[in-house]
Amino acid sequence: MEKPVFNPWEVKGNVDYEKLTKEFGVTPLGELPSYFHNELLFRRGKIFAQRDFSRILDAIKHKKPLVMMTGLMPTGKFHIGHAILAKQFSFYQSLGAKLYIAVADVEAYHAREQTLEESRKNAIEQYILNYIALGLKPQNCEIYFQGERSSDGKKASAYYRLQNLLARHATFNEFKAVYGEITPGKMISGILQASDMLHPQLPEFEGPLPVVVPVGIDQDPHIRLARDMASRIKEVKLMQLSSTYHYFVPGLSGGKMSSSDPNSFIALTDDEKTVKTKVNKYAFSGGRDTIEEHRRKGGVPEIDVAYQWLTFFEEDDKKLQHIYDDYKSGKMLSGELKTILIEKLNAFLKEHQTKREKAKSQIEKFIVRD
Ligand code: TRP
């Protein structure tokens, strides 16, 4: 396997979640009120850690205003790994949270050498259309570009002003410690992301309120830095940020799904045949070498990518348990398991692609210009 890389701009190879949880100092998610179990990601522990999440639970309990804020890196194709975040959008919207979603076009410019125009086009075609098709609602939802926050001058200034002021409240050594390799552009991106996460609380936006940032654990360095800066800045009144961390959907052959390796993912625009070929050919199997051995010893669902994907996408707990039992006991073969996944994915994609076509006429309702 390729050499592992892990930083907010690049993740390659296996991710050691346990080690990162300790190293970063995030807290395991723990018990949640029962309505959280409606969302598979919470019910199955796919969202596994948090910072200051009790503030969010409190706001929900007392029906106080709250914001869910997150961002997307508008590079590459939208794949099923990205759907994890979209599911959380719908969940928080259903709880009454306002959504702020940043398109990280400035960050993509610095970290991926992608032009702002390419980012805009890709964000719309790949990300936003798919979010809409996955159930994102336009009410109480602001999608904006880092490079063009708002056509309302007061709001735009407030967002960029906050970024500028925050810069005083971190040291160069903290940047180096948090990010490892650093350039001026990446520093700017880190501070801009802090403004993404904190600006909803400015008087020009919602005022101080609880904000939850759902992300992959690779983004925690950005969050740590933002929290540190937020606790030091005196000029603006801010509540501390809350965050949650989800597991990544594994890549087809193991490791992390990567937008730059089309054989590691299923894109939401892939057709039936492609899905079938990719899963059959590349999905890492926890099955045994021969049928005879498989029947005798059973498969290993824990390392089987087809099974792991079903734990993210098969909503029915009983059905999933059945599949687990049959595979583990050797009753179900690896090929049969893959067929279940292929059918599941293709049924989902067929419906999704129709919705995505319809979403094209909706796009203007989602992108905020003022
Ligand atoms: N850095 C994030 C990524 O690479 C994108 C991002 C920008 C973001 N602003 C954000 C994520 C604010 C969470 C909150 O995917």
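Figure 1. The model is predicted: local features need pLDDT of at least 70, side-chain atom pairs count only at pLDDT 80 or more, and totals for chains, interfaces and linings use all residues. Residues are numbered from 1 along each chain as its sequence is written, and side-chain values use heavy atoms, with hydrogens and water left out.

**Figure 2. Shell of 14 residues around the ligand**. The closest are Gly71, Glu107, Gln193, Asp196 and Gln219. By class, seven residues of the shell are nonpolar, five polar and two charged; Gly counts as polar, and Asp and Glu as charged.

Figure 3. The side chain of Glu107 places an N or O atom 2.7 Å from a ligand nitrogen. For Gln193, a polar side-chain atom is 2.8 Å from a nitrogen atom of the ligand. Gln219 likewise has a polar side-chain atom 2.8 Å from a ligand nitrogen. Of the 370 Å² of accessible area that the ligand has on its own, the protein covers 92% (Shrake-Rupley method, 1.4 Å probe).

**Figure 4. Secondary structure elements at the ligand: strand 5, helix 9 and strand 8**. Strand 5 (67-72), helix 9 (184-198) and strand 8 (211-216) each supply at least two shell residues. Strand 5 gives the most, with four. Helices (H or I, at least four residues) and strands (E, at least two) are DSSP runs numbered from the N terminus.

Methods: Near = heavy atom within 4 Å. Polar contact = N/O pair within 3.5 Å; in protein donor to acceptor, adjacent residues only side chain to side chain.
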